[in-house]
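The following note concerns the salt bridges of the model shown below.

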Amino acid sequence: MATILLIDDEDRLRQLLARILQLEGYTILEADTAKAGLKVLEREEVQLVLSDVKLPDKNGIELTAQIKQLYLATEIIVLTAYGTIQDGVMAIKNGAFDYITKGDDNDRIIPLVSRAVEKAELQFRVRQLEEQVGKRYSFDRIIGHSKPLQQAISLAQKVAVTDTTVLLTGETGTGKEVFAQAIHYGSPRRQGPFVAINCGALSKEILESELFGHRAGAFTGASRDQKGLFAEANKGTIFLDEIGEMPLDLQAKLLRVLETHEFMRVGDTKPTKVDVRVVAATNRGLEQEANVGHFRLDLYYRLSVFSIELPTLRDRPVDIPELALQFAQQTAAKLGKRNISLSPDFIQKLQRHSWKGNIRELKNVIERAVILSEPATGGFTELTPNTLPFDLKNDTNSDFTTGITALATVEKQHIRRVLGHTNGQKPEAARLLGIGLTTLYRKIQEYGLDD
């Protein structure tokens, strides 16, 4: 049940009201001054405050404004022995739920408290959901402790608290939308909407309508008005993914939004004002694209006020075990598999792979591995190289970011492939390898390839 704070310096009346509300099932806290009431609010979660107007240390109407500034979800009902219209208007203006006169409104108090508590509880639930969403998309949820990633996070955190346009660059699958969400929820706009669109996934006509909206009858099939995503994102953030794919004439409209904070809906005759932060992303070199006429140079300069390059997965192999375990646990939970773990050989294979698809590719590989894995005795599941795709399981490629592959390892893998190609015919394998048959037998024994 809800908690109610009573602030009144008349002990008898306060205790009587406390008793009445306790009989309704509410938890009651009491204070005899504004200062004491504020101290209670600091340590307790209170849904409703009932405050007298005349308090020893502060006017109750002034206290209402102070409480609403500090505790927006808490509702306040102002009580007075001598009600005036002016006080009532001021109380409501300061954020009070209602204003009632002691004695004259006894029949109203219980229903009024019930409605105020209902509103406050709804606001508390909304606030909790917003906090959960904020945590889900916060910078703390970005997995990895490698230096390149932490440098990108540091830049994003610094720009998040501003209203600056941000351009995220990097290869496909490096997590640009994750960063865009973290920037939004780390900004003063976090209470506003986050709207995302892939500029490369739609035709020019559909993209223009989706971004800027249209009037009914503007084109065939436009049977009603549509706001558009810029209008939907008002007071929030719009994320324009694959911005390099946007047609040039739409780039001109986007530039106008960035410079004037207004745009024209398709078929409209007057501009629409909007307050939106833009975060854009691309896997292209936009400056090079602009130099050859494929992207507007003025738009590039406007978007790249603050640019952040996201590192590839091969640039941060130290993060791969943590990412892989997270993806494995998520997939295992969906499939009802428990106690998932990754074998050292499995992790080593992952860290040596080039990951051209970056985090997105890793996630898909791990999901496949979990599906193919068989739980051992007791329900424990360990991912091993056998659950990896053939090309990754047999990958001997390496680069200097993941460590140089030992020559013996390369030789072993090559001999195994040649033996597979010749269906185990050793004389033919020796001929293809350019070594003597005796040498081949010795290598087979040395590397344990005679199984």
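1. Arg14 and Asp11 form a salt bridge, with 3.0 Å between the closest N and O atoms; the term denotes a side-chain nitrogen of Lys or Arg within 4 Å of a carboxyl oxygen of Asp or Glu. Both residues belong to helix α1 (residues 11–23) and are three residues apart, about one turn of the helix. Helices (H or I, at least four residues) and strands (E, at least two) are DSSP runs numbered from the N terminus. Arg14 is buried at a relative accessible area of 10%, whereas Asp11, at 40%, is partly exposed. Buried means under 20% relative accessible area, exposed over 50%, and partly exposed in between (1.4 Å probe, protein chains only).

2. The model is predicted: local features need pLDDT of at least 70, side-chain atom pairs count only at pLDDT 80 or more, and totals for chains, interfaces and linings use all residues. Residues are numbered from 1 along each chain as its sequence is written, and side-chain values use heavy atoms, with hydrogens and water left out.

3. Lys68 pairs with Glu75 in a salt bridge whose closest N and O atoms lie 3.8 Å apart. Both of these residues are buried.

4. A salt bridge of 2.9 Å, N to O, joins the side chains of Glu245 and Arg284. Glu245 lies in the loop between β8 (237–241) and α10 (248–260), and Arg284 in the loop between β11 (277–282) and α11 (286–291), so the pair ties together parts that are 39 residues apart in sequence. Glu245 is partly exposed, with a relative accessible area of 36%; Arg284 is likewise partly exposed, at 31%.

5. A network of salt bridges links Asp163, Arg189, Lys235 and Asp275. The count of salt bridges under the stated rule is 18.
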